[in-house]
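Reader: I would like to learn how to read a model like this. Where do we begin?

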Amino acid sequence: MNNKHFLAILAILCIPLSGFCIDIYVPSLPAIAIYFHADHAHVQLTITSYLIGLGLSQLIAGGISDSYGRKTPFMIAMLAFMIATLTITQVTTIMNLIFLRFVQGVALGISVVPMRSVLFDLFEGPDLRKMAGYMTMAWSLGPIIAPVLGGYLQVYLGWKFSFYFLGIYSIAITLPIAYFLPETIQYRSSFHIKTIISRYLQMLTNRDYMTGLTINGLIYSCIIVFSTVGPFLIQTTLKYSPIQFGHMVLLLSLAWFLGTLTNRFIIDVNYFSKILTCLMVMLMMSLILLINALWHLPLYLSFIPLAILFWVGGIIFPNNFARSISLFPYATASGNALFGSLIFSIGGLASVLASQMKATSNLSLALLCVSLISLAFVIALLNLRKSDVAKDLQHDTIH
């Protein structure tokens, strides 16, 4: 391909959309509860339904993309996403909003998998690791920009305009892809359910793949827990405005983004040492969050350990993603589809748990973070040292 970096940019522009769909309207959750006369739990289910749709759809998106290519499934799914997004602005009940959020998630799941696979079609080795880092940076741009933008849209125009923005952005990224992006798939496989299931079973039984996936899923769950609990805790209980909440999320998202940038400078550091060290730092920060909550310290004191937690998570995420997907070079769409599906499913379960907890203090947030990071640390200790790639202790084998 003559200009694969330009094509990679087109694909990467789609990545932030999955995060935008959560973060841009999170500042509006209390306002949506008032608009639909709904309780907090039902409004929080709009996050859960989106994550479930995003997670489940990727299970079939991988097989579709490995069989029918990258471009056609993307175009069809994006059209469905645009229709669902604009329809949301006309709904009159919270149940309709929950359903359409699920449709949004399904459409995005089928569209982002082919675009992530484009990068694996175009690059390999160290270049692929760099692109995985750029992709994580792009994904983190959504949480940086979206909450601030969503806060201003909520205050000056109302919650519906967040979805108008999503519709406009989706059109803006789809048109150049339709015109410039050729088909990049290198290996096609027939679309057979039994073959897809067999491929997924192979991945699910691969220790290295599942270790990276599970750790990333638990880290992502910390972000989702904050997105679920945070708006009601900070706006309803502590009486901050949607704009102020957006600025708070901006700081945390910048921390994640800086983590992905930091990873660029330590990309050649031993994988096992890097992951274990980062998880230990995250566990320490989550314990500080818990101490702050138990001592009823001001909320701003919790933002320092929370920001460090996000920063270190931004280091871990691209490493696990690139390493896991590279284990299956002939089924990259299926590999990244299952990876994404289970990560968003784990996040969805975390959001259900968070929605059942009262958002009247930051204790529930701290307890969930401690539990999630502790589990990730235990999984890393039990599995990384037993891994078949223990030779990474002498040489990093991420390809």
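Author: With the helix labels. Helices are DSSP runs of at least four residues, numbered from the N terminus. Met82, for example, lies in helix H5, residues 71-88. Keep in mind that this is a predicted model.

Reader: Is Met82 buried or exposed, and why?

Author: Buried means under 20% relative accessible area. Met82 has 16% relative accessibility, so Met82 counts as buried.

Reader: Which residues is Met82 in contact with, leaving aside its neighbours within four places in sequence?

Author: Ser170, Ile171 and Thr174. Met82 and Leu108 are 26 residues apart in sequence, and 9.9 Å apart in space, C-alpha to C-alpha. Now take Val249 in helix H11, residues 242-265. Val249 and Gln202 are 47 residues apart in sequence and 38 Å apart in space, again C-alpha to C-alpha. At 8% relative accessibility, Val249 counts as buried.

Reader: How do I read a nonpolar core?

Author: In soluble globular proteins, nonpolar side chains tend to be buried together. Here the largest nonpolar core has 131 residues. Those with the most contacts inside this core are Leu17, Leu108, Ile215, Tyr220, Phe226 and Leu279. Helix H10, residues 207-237, gives the most to this core, with 15 residues.

Reader: What does Tyr220 touch, not counting residues up to four places away in sequence?

Author: Ile22, Leu51, Trp139, Phe317, Ile343, Phe344 and Gly347. Remember Trp139, Phe317 and Phe344 from that list. They return in the next topic.

Reader: On to cavities, then. How many of 30 Å³ or more does a search of the whole structure find?

Author: Five. A cavity is space where the probe fits but cannot get out. The largest cavity has a volume of about 230 Å³. Among its 14 lining residues, Arg116, Trp139, Phe317, Phe321 and Phe344 are the closest to its centre.

Reader: Which helices supply the lining of the largest cavity?

Author: H6 (94-122), H7 (125-156), H13 (299-325) and H14 (332-355) each supply at least two residues. H14 has the largest share, four residues. By class, the lining has 10 nonpolar, three polar and one charged residues.

Reader: And what about the largest pocket?

Author: A pocket is an open set, unlike a cavity. The largest pocket holds about 320 Å³ of space. It has 19 lining residues, and the closest to its centre are Phe120, Phe123, Glu124, Pro329 and Thr332. H6 gives the most to this lining, with three residues. H6 and H7 each supply at least two. By class, count 10 nonpolar, five polar and four charged residues in the pocket lining.

Reader: H6 lines both the cavity and the pocket. How do I read the helix itself?

Author: Check span, then burial. H6 has 29 residues and reaches 42 Å from its first C-alpha to its last, close to the 42 Å expected at 1.5 Å a residue. H6 is mostly covered, with 23 of its 29 residues buried.

Reader: One last feature: backbone angles. What should I look for?

Author: Most residues other than glycine have a negative phi. His37 has a phi near 55°, a positive value in a residue other than glycine.

Reader: Where does His37 lie, and is His37 buried or exposed?

Author: His37 lies in the loop between helix H3 (29-35) and helix H4 (40-68). The cut-off for exposed is over 50%. His37 has 74% relative accessibility, so His37 counts as exposed.

Methods:
Residues are numbered from 1 along each chain as its sequence is written. This is a predicted model: local features need pLDDT of at least 70, side-chain atom pairs count only at pLDDT 80 or more; totals for chains, interfaces and linings use all residues. Side-chain values use heavy atoms; hydrogens and water are left out. On a 1 Å grid over the protein atoms alone, a cavity is a set of points where a 1.4 Å probe fits but cannot get out, and a pocket is an open set with protein on both sides within 12 Å along at least five of seven lines; lining residues have an atom within 4 Å of a point. Grid points are joined across faces, edges and corners, and a volume is the space filled by probe spheres set on the points. Ala, Val, Leu, Ile, Met, Phe, Trp, Tyr, Cys and Pro count as nonpolar, Asp, Glu, Lys and Arg as charged, and the others, Gly among them, as polar. A nonpolar core is a set of buried Ala, Val, Leu, Ile, Met, Phe, Trp, Tyr and Cys residues joined through side-chain atoms within 4.5 Å. Buried means under 20% relative accessible area, exposed over 50%, partly exposed in between (1.4 Å probe, protein chains only). Contact means heavy atoms within 4.5 Å. The expected span of a helix is 1.5 Å times one less than its number of residues.
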